[in-house]
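Try each task before reading its solution.

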Amino acid sequence: MAKCPCRFGVETFDGSLPSIILNPYSLTKIANIIFIDAPVGTGFSYANTSQGQASSDIKSAKDIFTFLGKGYIIGNGLTDPNIDFNARIPYVHRMALISDEYFELAKISCAGKYYNRDPNNVQCAYALQRIQKCLSHIKQVHILEPCENGASKLRDFGWDQTFSKDNSIDHLVLPTAEQECGNQDYTIPENWANDPIVQEALYIRKGTIARWEMCNSGITYEQNVESALDYHKILIKKGYHVLVFNGDHDMAAPYMGPLKWIRVLNVTIDDNWRPWLVNSQVAGYTEKYKKNDFDLTFVTVKGAGHSASKNKPEECLAMFHRWFSRRPL
């Protein structure tokens, strides 16, 4: 809702149907927006057959390809888990959430490979367990926000594959779901979207979905693309304009991941790392890359977490406006 003309009245929410108030930083002020429930099964989308219900990375991408113009935006995204997820350990060290000793122990024991690590490497497992204890009460989607009461659910963070359901550390890069902070941000939109009056106003067909969920982990979906880097390389040849932005306090998708995979694209720096300003204040940092007609602008949003436009709406509106206008940040 942070990108929409209206937002929920969080301050007055009492557990019933939330109020709707105007959003002064809506992206609709600078662009027309189409929201798509994808893949099928998310939001209010549905299929009439089991065959239609099944989806995958490739099928979903093909389904929405016609909506792609001559540019695209990636916000706190997942491009290559071996890079993005692996960046979490260096990130938490850089943000002073773990000690130099713990980081060096993990770096040496795991040989810098924290995601998809060697399951037989006992020293690496021990090092990651120590890090896990340090992060068990840090909210991964925004490290500065307080932990909320109650155990989290796997769907709270969207990337279920990064959490181990049996509390093992085979995929340990962050705390297991049972130890993680709760996320009450989903309560308000779920209350609103599941209200019968709201669904009637939206012309939702009765019986098509059991319950609207912010992150529906129960859909039939195959993750059959390990890395999207090859697709970026294809789009480089087509001369696309790209914006990649990350909240610098997001531990789920740390900004260090994109900085690493951007280098793999073999692009050159066109505008060196520098601060970008809003109201004469530093709103984050940016660097621009170029290769022939292709250009990529990387941006950090200072003080923002995984939902950057919600945490820093005015700054994000300025960022989008400048990028859409093809002006430097």
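A disulfide here is a pair of cysteine sulfur atoms within 2.5 Å. This is a predicted model, where local features need pLDDT of at least 70, side-chain atom pairs count only at pLDDT 80 or more, and totals for chains, interfaces and linings use all residues. Residues are numbered from 1 along each chain as its sequence is written, and side-chain values use heavy atoms, with hydrogens and water left out.

**Exercise 1.** Find how many disulfides the rule gives, and which cysteines form a disulfide.

Step 1: the rule gives a count of 1 disulfide.

Step 2: the partners are Cys110 and Cys124, with sulfur atoms 2.0 Å apart. Their link is right-handed, with 100° about the S-S bond.

Step 3: Cys110 sits in the loop between helix H5 (100-109) and helix H6 (122-135), while Cys124 belongs to helix H6, so the pair, 14 residues apart, links distant parts of the chain (helices are DSSP runs of H or I, at least four residues, and strands runs of E, at least two, numbered from the N terminus).

**Exercise 2.** Decide whether Cys110 and Cys124 are buried or exposed.

Step 1: take the cut-offs: buried is under 20% relative accessible area, exposed over 50%, partly exposed in between (1.4 Å probe, protein chains only).

Step 2: Cys110 has 6%, so Cys110 is buried. Cys124, at 1%, is buried too.

Step 3: look at Cys4, which is in no disulfide; the nearest cysteine sulfur, that of Cys6, is 8.2 Å away.

**Exercise 3.** Classify Trp273 and say where Trp273 lies.

Step 1: Trp273 is in strand S7.

Step 2: its relative accessible area is 39%, so Trp273 is partly exposed.
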